[in-house]
Amino acid sequence: DALEPFRCPTSAGEQSDPVPLEYIRDPTYSSYDIKLEVGIQGTYMETPSTVTRSNFANLYWNIKQQLVHHSVTGCNMQPGDLLGSGTISGTP
């Protein structure tokens, strides 16, 4: 519920290449507008240097699909587990 105000279309728009297998198809295929930024600050740097910027909406596989794919083999997720999304592409 907390993320609902941030729901948005994905940058892909639709999933056609590749088309998801039946078990992972999401009839409400969407994502969240969450701005992401990575910076690195070395020991002698006064401020961090930005390495990359992206948005969570640039994921091709949304978080629901990733969770289903992870758990379909019987691997149960527990509260506090981390789920790595992999590469997040997108336009600058």
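Where is the place of Leu-3: in which segment, relative to strand S1? I started there, keeping in mind that this is a predicted model.

**Entry: Leu-3**

I found Leu-3 in the segment before strand S1, which covers 7-8. Then I looked for partners of Leu-3, leaving aside neighbours within four places in sequence. Leu-3 turned out to be in contact with Tyr-32 and Ile-34. I also looked up Leu-3 against Glu-14: they are 11 residues apart in sequence, and their C-alpha atoms are 21 Å apart in space.

**Entry: aromatic rings**

I searched the whole structure for aromatic pairs and got one. The pair is Tyr-60 with Trp-61, and its arrangement is edge-to-face. I noted 5.0 Å centre to centre and 90° between the planes. Those are the two values to jot down, because a pair of aromatic rings is described by the distance of the centres and the angle of the planes.

**Entry: a nonpolar patch**

Which residues form a nonpolar patch on the surface? I wrote down Leu-21, Tyr-23, Val-68 and Val-72. Together they have about 360 Å² of accessible area. Val-68 has a relative accessible area of 34%, so I marked it as partly exposed.

Technical notes:
Residues numbered from 1 in each chain as written. Predicted model: local features only at pLDDT ≥ 70, side-chain atom pairs only at ≥ 80, totals over all residues. Heavy atoms only, no water. Phe/Tyr/Trp six-rings, centres within 6.5 Å; stacked < 30°, edge-to-face > 60°. Patch = residues over 30% accessible without salt bridge, like charges linked within 9 Å, V, L, I, M, F, W, Y side chains within 5 Å. Areas by Shrake-Rupley, 256 points an atom, 1.4 Å probe, with all protein chains shown as cover. Salt bridge = Lys/Arg side-chain N within 4 Å of Asp/Glu carboxyl O. Buried < 20%, exposed > 50% of the residue type's maximum accessible area, 1.4 Å probe, protein only. Helix = DSSP H or I, 4+ residues; strand = E, 2+ residues; numbered from the N terminus. Contact = heavy atoms within 4.5 Å.
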